Amino acid sequence: MPSPAQLPPTDRVHRRTFLSGTAAAGGALAITAAGLGTATAAVPVKGATAHAAPPATVLPADRRYADLRRGTNQRWVGSPEQIVLATSTADVVRAVQQAADTGRRLAVRSGGHCYENFTTSQDIAVVLDLSRLDDISYDESRRAFGVGPGAHLGRVYDRLYKGWGVYLPAGNCPTVAAGGHIQGGGYGSMSRRDGLAVDHLYGVEIVVVQADGTARAITATREADDPNRELWWAHTGGGGGNFGVVTRYWLRSPGATGNDPATQLPTPPREVWLSEVAWPWEQLTEARFTRLMWNHGDWHARNSAPDSPYTALFSQLKPFHKSAGAVVLDSLVDAGAPGAERLLKDYVSAVGAGVGVTPEVRQYRKIPWLHATQWPGFTGPDPTIRFKGKSVYARRNYTDAQIAAAYRHLTRDDFHNPSALLMIASYGGKVNQVAPGDTAVPQRDSVLKYQVVSLWNDAADDQANIAWVRECYRDMFAATGGVPVPNETNDGCFVNYADTDLGDPRWNTSGVPWHDLYYKDNYRRLQKAKATWDPTGFFRHAQSVRPA
């Protein structure tokens, strides 16, 4: 693969020399369902389609501006000079070059699910919106699936499954876009069985800004002889908005062989069992709540090895604030796993063992996998709400102090919100089969991944809800300075659940910087990648990687 300097002129734009038009791809893609033979496909050129729509630039007077100045967290509303809706890699290069030439701050948005104001802060002049870069196709030359950063996960699942019978083990919220999700790590209900989304990332096409201010589209893959391999590695968990603008992901599982698209990514379950049970708060004393939490953490500590039969099972325990009325357990298991129903029933029984409260069974049913990707038990929040969340990786069971602090805040009488909760997801399994340095995600021996989160509607309730989240989290991790410092119990924080409090000494008294909570020892390597590929720090936000 050529070095950046050796790339042909169509792959780069020099300062004040802008690409015009879009690169043309071949004709219609021929696809097959799994088991129906090998697909043939035209090779995409620079992520553009044969009839790509022209880009649109939305200014404040445009009626679309009110929608496009914000994402899904209504706490954050930006005021950029313009919003560029790109439809091709050439559009992205052009927009980045113009911003670089005029010295204007540019932020990149794909699905708009950022927890913080990284795309809406008041110093941002240009928002580069990638939502129209949502093509999904198969690239024969790379034996990999190309996915545009604007493609929502629901669309990714639908297209990959209907077209080729494969899937990507990514997130549970169908409206989250691939753009930030994949490069931050990307986990979901099948990650215990098949790993993280980034464990299947073969390569990226990305627009970077060089030291001389030149914007250029380059490709980086995991091939050992790729001179840009470190840039690929940085996108396997380094987080969005750090190194450039990803305009296409290529997905192929490590070790995949042959030329049949149906063998290049995992096959999802045919069907899954879904379960929802609930323990009413009115019957949960502190002792009973403690037993429920201890059971849950203990089960995951014992059943999250990569070779466990329980890698077929994923669950979310949701201890809501008592005003919601119940603690809820939503679970899913691959119906094709040996003894799947028994695995699920035994799990639910183990979580409730000795609690002394018979849970209410709200639902128990078997449905096809693709339908289950839309199940509201796991999907994300209403995009019209406001929220604040703070994340945790857990290596083992909760401590007594953590459970006691959670109980105290979940049962507070001076705070009332049925949508305030701990959202605790099963983790581990095949995720933990990968070494901490093989990808930029260093947390590879955790068994749970969760967040303290609150969701609400009115701006007048901001202070109360943000305070509840901060205080609950601080007290749960009081022994380590208010944050989950990596130790024998905790393993830091998830970069996709961005939390600027981690860099605020009022809420982090541990002495451990925010970047070590996200990246641990991998941060130094990410800094080197930043210095190589974004030496001027053009791509930046409140928690962006700093050049070495």
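**Loops and helices**

Tutor: Start with Thr-119, which is found in the loop between β3 (106–109) and β4 (126–129). Keep in mind that this is a predicted model.

Student: Is Thr-119 buried or exposed?

Tutor: Thr-119 counts as buried, because its relative accessibility is 16% and the cut-off for buried is under 20%.

Student: What is Thr-119 in contact with, leaving aside neighbours within four places in sequence?

Tutor: Ala-107, Val-108, Arg-109, Ile-124 and Val-127 are in contact with Thr-119.

Student: Another loop, then. Where is Asn-522?

Tutor: Asn-522 sits in the loop between α12 and α13. Asn-522 is buried, with a relative accessible area of 9%.

Student: Which residues does Asn-522 touch, not counting those up to four places away in sequence?

Tutor: Asn-522 touches Trp-233, and also Pro-436, Gly-437, Thr-439, Ala-440, Val-441 and Pro-442. Take Gly-437: its C-alpha atom and that of Asn-522 are separated by 6.8 Å, with the two residues 85 residues apart along the chain.

Student: What about Lys-520, where is that?

Tutor: Lys-520 is in the loop between α12 and α13. Lys-520 is buried, at a relative accessible area of 18%. Its phi is positive, about 55 degrees, although Lys-520 is not a glycine.

Student: And what is the phi of Arg-143?

Tutor: Arg-143 has a positive phi of about 55 degrees, and it is not a glycine. Arg-143 lies in the loop between β5 (136–139) and β6 (144–147).

Student: Back to α13. Which of its residues are buried?

Tutor: Helix α13 covers residues 523–533, and its buried residues are Tyr-523, Leu-526, Gln-527, Ala-529, Lys-530 and Trp-533. Seen down the axis of α13, these buried residues fall within an arc of 160 degrees, so they line one face of the helix.

Student: What does the face of α13 turned away from the buried side carry?

Tutor: That face carries the exposed residues Lys-528 and Thr-532.

Student: What covers the buried residues of α13?

Tutor: The cover includes β7 (201–209), β8 (215–221), α6 (229–234) and α12 (514–519).

Student: New topic: helix pairs. At what angle do α10 and α11 pack?

Tutor: Helix α10 (residues 400–410) and helix α11 (residues 462–476) pack at about 160 degrees, and their axes are 8 Å apart. They are therefore roughly antiparallel to each other, since an angle over 145 degrees counts that way. The crossing of α10 past α11 is right-handed.

Student: Which residues make the contact?

Tutor: On α10 they are Gln-402, Ala-405, Ala-406, Arg-408, His-409 and Leu-410, and on α11 they are Trp-468, Glu-471, Cys-472, Asp-475 and Met-476. The residues of this contact of α10 with α11 divide into 6 nonpolar, 2 polar and 3 charged.

Student: How do α7 and α8 cross?

Tutor: The axes of α7 (residues 286–302) and α8 (residues 340–352) cross at roughly 135 degrees and come within 7 Å. These two helices, α7 and α8, are therefore oblique to each other.

Student: Which residues of α7 and α8 make that contact?

Tutor: From α7 there are Leu-292, Asn-295, His-296, Trp-299 and His-300, and from α8 there are Tyr-347, Ala-350, Val-351 and Gly-352. The contact of α7 with α8 divides into 5 nonpolar residues, 4 polar and no charged.

Definitions and conventions. Residues are numbered from 1 along each chain as its sequence is written. This is a predicted model: local features need pLDDT of at least 70, side-chain atom pairs count only at pLDDT 80 or more; totals for chains, interfaces and linings use all residues. Side-chain values use heavy atoms; hydrogens and water are left out. Buried means under 20% relative accessible area, exposed over 50%, partly exposed in between (1.4 Å probe, protein chains only). Helices (H or I, at least four residues) and strands (E, at least two) are DSSP runs, numbered from the N terminus. The arc is that of the directions from the helix axis to the C-beta atoms. Contact means heavy atoms within 4.5 Å. Axes are lines fitted to C-alpha atoms, for helices over the stretch in contact, and angles run from 0 to 180 degrees between N-to-C directions. Angles under 35 degrees count as roughly parallel, over 145 as roughly antiparallel, 65 to 115 as roughly perpendicular and the rest as oblique. A crossing is left-handed if the near helix is turned anticlockwise from the far one by less than a right angle, and right-handed if clockwise. Ala, Val, Leu, Ile, Met, Phe, Trp, Tyr, Cys and Pro count as nonpolar, Asp, Glu, Lys and Arg as charged, and the others, Gly among them, as polar.
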